[in-house]
Amino acid sequence: MINQFRKRLIAMTTGFVAVILIIAFSTIFMTTYLNQKSDTYEKLNQAEQLRITGGKVTFDEKSDDAVEINRIVTGAGVYFNMLVDKTGKPIMVDSALKLSKNQYNKAAKHAWKQQEGGVIKMNGREWQYIVAPAIANFDYGSNDQDKEIRKNDETYLMRFLDVTDAKKSLSSLATTLIIVGLGLMLLFFLVILFFTNRAIRPMEEAWKKQKQFIADASHELKTPLSIISTNVDVLYASQEETISDQLKWLDNISSGTKRMNGLVNKLLTVAKADSSFDQLTLTNIQLDQLLANALTNYETKFEEKGITVNKKLMKLTGKTDEVMLQQLFDLFIDNASKYTNKHGSFDVLLEAKGRECVIIFRNTGDGIAKEDLPKIFDRFYRTNEVRQKYEGSYGLGLSIAQSIVDQLGGKIDVESTVNEATEFTIRLPLKRL
């Protein structure tokens with residue numbers, strides 16, 4: 001499930017980034033293309049007036065008086081013009097290029113056939129052209145009858161613009177955008193992969209813990225249920241006996257029932273702790289009085305084991321959730337009543353340090369091995385000594401305590417020496433009214 005969610009999240013995020021990059025790069029390309037197209041259109045449609053005075057205008061390789069005008073217009077690009085008659089025959093060339101008359105004739109013939117405009121290739125270059133009625137003024141003086149082109153004759157202007165570099169530039173831009181886009185996609189994919197895995201890791205851990213929690217809870221419930229079921233079968237098998245004769249089996253059933261009832265209550269407490277985040281009820285509490293009252297509730301248990309309770313409680317008022325704090329105190333004091341050795345000692349300290357409330361619970365006893373310390377806040381985790389000596393332990397108390405401290409915005413530290421003592425230090429933010 002988590003892997004499927006990870007794959008979907010990566011795919012959706014990568015797809016979203018891909019769409020954004022495609023839109024951005026397509027916009028850049030289209031903007032460049034349209035600007036280039038507009039610039040080419042302006043250059044092709046730039047109006048010029050040519051005034052030819054005197055002489056016979058022809059376009060013949062053998063003629064010595066054919067008119068050629070060689071000039072370069074700044075900013076107009078590389079281009080050449082041809083003036084043609086109504087049949088498409090070149091009359092005049094306006095060019096600064098060294099092209100043969102055959103090439104000019106070929107260009108004129110192609111353009112005349114496709115007067116709507118287009119592109120022609122010459123000398124390895126691409127030329128975009130237009131054909132339009134000419135704006136030309138021929139002045140031959142007073143004697144016009146010998147001239148081949150008269151003032152009112154229909155003429156056309158053909159303009160050919162070199163667009164080779166512009167097309168190469170556009171092609172180069174497209175290639176660059178594709179390469180950069182693929183590179184960015186790879187980079188974004190790696191970034192998305194990294195942050196997705198990081199973001200999902202807590203969820204993955206929570207999922208694993210949940211599965212482990214269900215498995216552990218099922219195992220813990222299975223034991224008392226097995227005891228109850230076995231002893232019930234014994235009772236059914238010996239129905240002729242009296243109740244007094246069956247007390248042993250009934251005691252076993254009662255013990256299993258109590259164990260299962262205690263475990264269910266603990267599980268309900270865990271579920272309540274998990275679902276109560278952001279639902280704190282903050283009130284002004286006398287912390288030392290609340291802790292002292294909690295210790296009083298366990299006096300009988302401590303006296304039964306001959307445990308000496310040493311308390312040093314600073315008078316302290318703070319703003320917190322009373323119910324949760326009471327539950328937290330009960331968890332640690334109850335653990336101390338269970339795990340403190342007979343005739344041992346239990347020390348409780350409450351003080352303020354800066355903006356923190358510090359609570360220390362220290363009890364003598366078996367202690368906790370160094371390798372077990374990182375695991376003691378995991379649900380259902382119990383050390384081997386606890387499993388062997390303490391039947392009523394479920395391994396949920398410290399997990400619940402950790403959850404409460406997290407919700408109150410604090411933290412727990414633990415130190416322990418085997419066969420000597422264990423010390424829990426709780427630091428909670430001190431909010432005062």
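Predicted model: local features only at pLDDT ≥ 70, side-chain atom pairs only at ≥ 80, totals over all residues.
Reader: Which strands stand at the edges of the open sheet of five strands?

Author: The strand order is β10-β12-β13-β15-β14, and the pairing is mixed. Two of these strands have a single partner each, so one side of each is left without a neighbour in the sheet. The edge strands are β10 (308-313) and β14 (411-417).

Reader: In what sense do β13 and β15 pair, and over how many bridges?

Author: Strand β13 covers residues 356-364 and strand β15 covers residues 421-429. Within this pair, Cys357 has Leu428 of β15 as its bridge partner. The two strands pair in the antiparallel sense, over nine bridges.

Reader: What angle does helix α7 make with β13?

Author: Helix α7, residues 322-339, lies across β12, β13, β14 and β15. Its direction relative to β13 is about 15 degrees.

Reader: Is Thr364 buried or exposed?

Author: Thr364 belongs to strand β13. Buried means under 20% relative accessible area. The value for Thr364 is 17%, so this residue is buried.

Reader: Which side chain joins that of Thr364 in a polar contact of 2.6 Å?

Author: Leaving aside neighbours within four places in sequence, the residues in contact with Thr364 include Tyr339, Gly344 and Glu420. The side-chain partner at 2.6 Å is Asn341.

Definitions and conventions:
Residues numbered from 1 in each chain as written. Heavy atoms only, no water. Pairing = 2+ DSSP bridges. Helix = DSSP H or I, 4+ residues; strand = E, 2+ residues; numbered from the N terminus. Contact = heavy atoms within 4.5 Å. Axes fitted to C-alpha atoms, helices over the stretch in contact; angles between N-to-C directions. Buried < 20%, exposed > 50% of the residue type's maximum accessible area, 1.4 Å probe, protein only. Polar contact = N/O pair within 3.5 Å; in protein donor to acceptor, adjacent residues only side chain to side chain.
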